4 protein chains.
Amino acid sequence: MGIVVLYGSSRRDGNSDTLADLLVEGLDVDRIYLSDYNLQPIVDYRHTEAGAYPDDDYHELIDRVLEQDTIVFATPIYWYGISGVLKTFVDRWSQSLRENREHFLAEMSAKKAYVIAIGDDEPHVKGLPLIQQFQYIFDFTRTQFDGYIIGEGNKPGSILEDAAALTRVEELRRRFTIKD
Amino acid sequence: MGIVVLYGSSRRDGNSDTLADLLVEGLDVDRIYLSDYNLQPIVDYRHTEAGAYPDDDYHELIDRVLEQDTIVFATPIYWYGISGVLKTFVDRWSQSLRENREHFLAEMSAKKAYVIAIGDDEPHVKGLPLIQQFQYIFDFTRTQFDGYIIGEGNKPGSILEDAAALTRVEELRRRFTIKD
Amino acid sequence: MGIVVLYGSSRRDGNSDTLADLLVEGLDVDRIYLSDYNLQPIVDYRHTEAGAYPDDDYHELIDRVLEQDTIVFATPIYWYGISGVLKTFVDRWSQSLRENREHFLAEMSAKKAYVIAIGDDEPHVKGLPLIQQFQYIFDFTRTQFDGYIIGEGNKPGSILEDAAALTRVEELRRRFTIKD
Amino acid sequence: MGIVVLYGSSRRDGNSDTLADLLVEGLDVDRIYLSDYNLQPIVDYRHTEAGAYPDDDYHELIDRVLEQDTIVFATPIYWYGISGVLKTFVDRWSQSLRENREHFLAEMSAKKAYVIAIGDDEPHVKGLPLIQQFQYIFDFTRTQFDGYIIGEGNKPGSILEDAAALTRVEELRRRFTIKD
């Protein structure tokens, strides 16, 4: 049982990647770069007979997530929300609810979650709805929302000038260490 | 110049579809069911030479949107946010900014927008971050955010029992009529 | 067991008063116009020996609130929040927690609450933090947050032109009737 | 032209006081402990002839605020919002608008503001509506919202263990220094 990082960025080495990498540096981590996978939008079968869900990489990815006890969501703030690819992945959790609701919720409720969100347009104010959305998500899955980092950055690497974000990384790292 | 409706649901005849259809009933409308199209996630070229953007239906769709002066965003509330397919579409606006920033913003700033969001888990509270996100989006594009409807529904058709949502539809319809 | 209305406005017959009166018209109601009473700010004794709390009307008012099983909070939106006098009253709940925590929480957790908030500067967007604040308050006291109405109005009586607010009043009234 | 700190706590040496004092340590500051003053709730004369406003300390305090070019709002999070006494003070700005709207807005729009909010019940999530409320306030007065610190603390002094809050203090201090 360890840490899985869900990278939501559409490019490598963006600021949310960088901050997430600092957070888990030196730790044994399963890294999932969502944009490397084939993830189709959810099909909503809540009120019909379940048909075929998309034949893509979802099951592989959610299985890797459920194997760990800590999830780090690392996303750039795109249009004041999480990235489309990360949202598409989360939407697919409805498939897991449909396929095995009790199992999925039991697993998710035993985990801790962290959110890293990096934006360039007043993220400390305009990123707040994103944080509130995650709170509602974790309330539903009964996952422990153990902390978040909002960072300000635009050009690659500029997050390294955000001193408060870096300090917050150090704080959260201490929790990992204490746990182990 | 008229109305375009962006349907964000993954199924036809869901509650957000139903309410949007009531809103524009009898009017000349361009209906875009996003899940019918091929829409790939944004590629982030903000800090690199622009490479090839996905060869999919985005240009066709954004052109249809820009032709109208009123945009209705109709989305189910999935995991306390807009649907993944609608988020993916909005994320692609960054491509339009990159391709022709001045044109895109000039067009968007001349439009009115309405949001319809339907959920089944306390949407009048847990849907609020979604509304705040749209406010920030429209602040950025300087689009007039002329109104929203949060509705409560789960099973197909149940939105028709949400009296406040239906009244709000009537109210917003009056604005369309006055305009014409 | 019935309904208590907490009027937070600083003037009589303002729009939040008007809408609250419509909500409870014809019902047996205890009306508390907070601005008619002497309510001093909370004194924080959480970490010291409790000294004397203000000798004012708080105990009378909170006793009247606790006697009923439904609370309606009717407030104008002042500076994007509840009125100062209503906030001062809510702050004093910390005194009740200090004086008899179990009793206060047991009582509050058995009640339903409604919020009416009327503003004139985009209340449907800029009033949302106020609603979220109430949600957190009721989560803490385990009070059932049964509904809210955001209305738009400025001049006295203008709330009567807000058709969606009036419809929402009718909806909430039905819940009272069903209960009785 | 310098800094004014508005202390909203009901007790001295609470955590919001402590953090604000660190923020302005060694600087020339006008300190206003709001609970030391006589501040009555706003009387709403927006739609009537203005009568007598409360004869209390408001004018003295707002004059002291307007003399400075930087305002620090330091408040405990009481019931998921700013303290009642601070809300009462802000509500009274409506009196200043009524008495001399142009002057008040001209003054406020030339200032920078900082917010310090300390709570003990998940303040990094449940304090977000408070931050959004301030954003709307400063949007209205066109005051530059230059930064905020959410801290976690309960017992006096415990804020000194909140490493991220302390780092954020250092960051904001640098802005004061650069300015001078």
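Predicted model: local features only at pLDDT ≥ 70, side-chain atom pairs only at ≥ 80, totals over all residues.
A charge is taken to sit over a ring when NZ of Lys or CZ of Arg is within 6 Å of the ring centre and within 35 degrees of the ring normal. D:Arg12 lies over the face of D:Tyr33, and the distance to the ring centre is 3.6 Å. In chain B, B:Arg12 lies over the face of B:Tyr33, at 3.6 Å from the ring centre.

How are the rings of B:Tyr58 and B:Phe89 arranged? Their centres are 5.7 Å apart and their planes stand at 55 degrees, so this pair is classed as tilted. The pair links distant parts of the chain, 31 residues apart: B:Tyr58 belongs to helix α2 (residues 58-67) of chain B, and B:Phe89 to helix α3 (residues 84-91) of chain B. Both B:Tyr58 and B:Phe89 are buried.

Chain A contributes to an aromatic cluster whose members include A:Tyr58, A:Phe89, A:Trp93 and A:Phe145, together with B:Trp79. A:Tyr58 brings us to helix α2 (residues 58-67) of chain A, where A:Tyr58, A:Leu61, A:Ile62, A:Arg64, A:Val65 and A:Leu66 are buried. What do the buried residues of α2(A) pack against? Their partners in chain A are the strands β1 (3-7), β2 (29-33) and β3 (70-76), and the helices α3 (84-91) and α4 (93-108).

Let me now describe the sheet, taking chain B. Its 5 strands form an open sheet in the order β2-β1-β3-β4-β5, with parallel pairing. At the edges stand β2 (29-33) and β5 (144-152) of chain B; each has a single partner strand, so one side of each lacks a neighbour in the sheet. From one strand to the next, the twist averages 15 degrees. Strand β4 (residues 112-119) of chain B runs parallel to β5(B), the two being joined by 8 bridges, and B:Ala113 has B:Phe145 as its bridge partner in β5(B). Across β3 (70-76), β4 and β5 of chain B lies helix α6 (residues 128-141), which runs at about 165 degrees to β5(B).

In chain D, consider strand β4 (residues 112-119). Of its 8 residues, 7 are buried, so the strand is largely enclosed by the rest of the structure. Strand β3 (residues 70-76) of chain D runs parallel to β4(D), and 7 bridges join them; D:Pro76 stands opposite D:Ile118 in β4(D). Strand β5 (residues 144-152) of chain D pairs with β4(D) in the parallel sense, over 8 bridges. There, D:Tyr114 has D:Gly147 in β5(D) as its bridge partner.

Two backbone details deserve mention. Although A:Asp13 is not a glycine, its phi is positive, at about 65 degrees. A:Asp13 is located in the loop between β1 and α1 (15-23) of chain A. Is A:Asp13 buried or exposed? Its relative accessibility is 55%, and A:Asp13 therefore counts as exposed. D:Arg142, also not a glycine, has a positive phi of about 55 degrees, and its place is in the loop between α6 (128-141) and β5 of chain D.

I close with the annotation.

Methods: Residues numbered from 1 in each chain as written. Chains lettered and ligands numbered in written order. Heavy atoms only, no water. Phe/Tyr/Trp six-rings, centres within 6.5 Å; stacked < 30°, edge-to-face > 60°. Helix = DSSP H or I, 4+ residues; strand = E, 2+ residues; numbered from the N terminus. Buried < 20%, exposed > 50% of the residue type's maximum accessible area, 1.4 Å probe, protein only. Pairing = 2+ DSSP bridges. Contact = heavy atoms within 4.5 Å. Axes fitted to C-alpha atoms, helices over the stretch in contact; angles between N-to-C directions.
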